[in-house]
Amino acid sequence: MSEQSLPDDVRAECADALPEYAERVLDVAERIPPGRVMTYGDVAEWLEEGGPRQVGRVMSLYGGAVPWWRVVRADGVLLPGHELDALGRYRTEGTPLKEASRAAENHLPRLDMRRARWDGGERAEGHT
């Protein structure tokens, strides 16, 4: 059962009980500007804690309340099971995409990581 499918009062209780690391990961996800992305590894590196798997786990459990589509795989492949939802959001936000070749599975585009990747530049402006 996902957190989003929980009743409001139970979801609020879960939010109060978020582990500190999860709160920090979600805070980074909320800072990513529209049209830009960070990889799971980028988020961990920015936090100077954990790794891509830990960030992915946090996003899997708690990411529904933040712009989850902005935290992505390093290869630019859209999140399995959420491709069409994410693709619609990327197109709305103007996130750079690479159109899929005819040989690509499902003919889905990938993120253009060179152009879409955000380096978390706000860190130098007071985030610790």
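Reader: At what angle do helix α3 and helix α4 pack, and how far apart are their axes?
Author: About 105°, with the axes 8 Å apart. Helix α3 covers residues 40–47 and helix α4 residues 52–62. Axes are lines fitted to C-alpha atoms, for helices over the stretch in contact, and angles run from 0 to 180 degrees between N-to-C directions. This is a predicted model: local features need pLDDT of at least 70, side-chain atom pairs count only at pLDDT 80 or more, and totals for chains, interfaces and linings use all residues. Residues are numbered from 1 along each chain as its sequence is written, and side-chain values use heavy atoms, with hydrogens and water left out.

Reader: Roughly parallel or roughly perpendicular, α3 and α4?
Author: Roughly perpendicular. That label covers 65 to 115 degrees; under 35 is roughly parallel, over 145 roughly antiparallel, and the rest oblique.

Reader: Which residues in α3 and α4 meet?
Author: Tyr-40, Gly-41, Val-43 and Ala-44 come from α3. Pro-52, Val-55, Gly-56 and Met-59 come from α4. Contact means heavy atoms within 4.5 Å. By class, six of the residues are nonpolar, two polar and none charged. Ala, Val, Leu, Ile, Met, Phe, Trp, Tyr, Cys and Pro count as nonpolar, Asp, Glu, Lys and Arg as charged, and the others, Gly among them, as polar.

Reader: New topic. How many helices and strands are there in the protein chain?
Author: Six helices and four strands. The order along the sequence is α-α-β-α-α-β-α-β-β-α. Both kinds are DSSP runs, numbered from the N terminus: helices are H or I with at least four residues, strands E with at least two.

Reader: Where is Thr-39?
Author: In strand β1, residues 38–39. Its side chain reaches the backbone nitrogen of Asp-42 at 2.8 Å.

Reader: Is Thr-39 buried or exposed, and what does Thr-39 touch?
Author: Thr-39 is buried, at 3% relative accessible area. Buried means under 20%, exposed over 50%, partly exposed in between (1.4 Å probe, protein chains only). Leaving out residues up to four places away in sequence, Thr-39 touches Val-71, Val-72, Arg-73, Ala-74, Met-113 and Arg-117.

Reader: And how many aromatic pairs does the structure hold?
Author: One. Trp-68 and Trp-69 form it, edge-to-face, 5.6 Å centre to centre with 90° between the planes. Rings of Phe, Tyr and Trp (its six-membered ring) pair if their centres lie within 6.5 Å; planes under 30 degrees apart are stacked, over 60 edge-to-face, the rest tilted.

Reader: Trp-68: buried or exposed?
Author: Trp-68 is buried, at 15% relative accessibility. Trp-69 is buried too, at 11%.

Notes
Polar contact = N/O pair within 3.5 Å; in protein donor to acceptor, adjacent residues only side chain to side chain.
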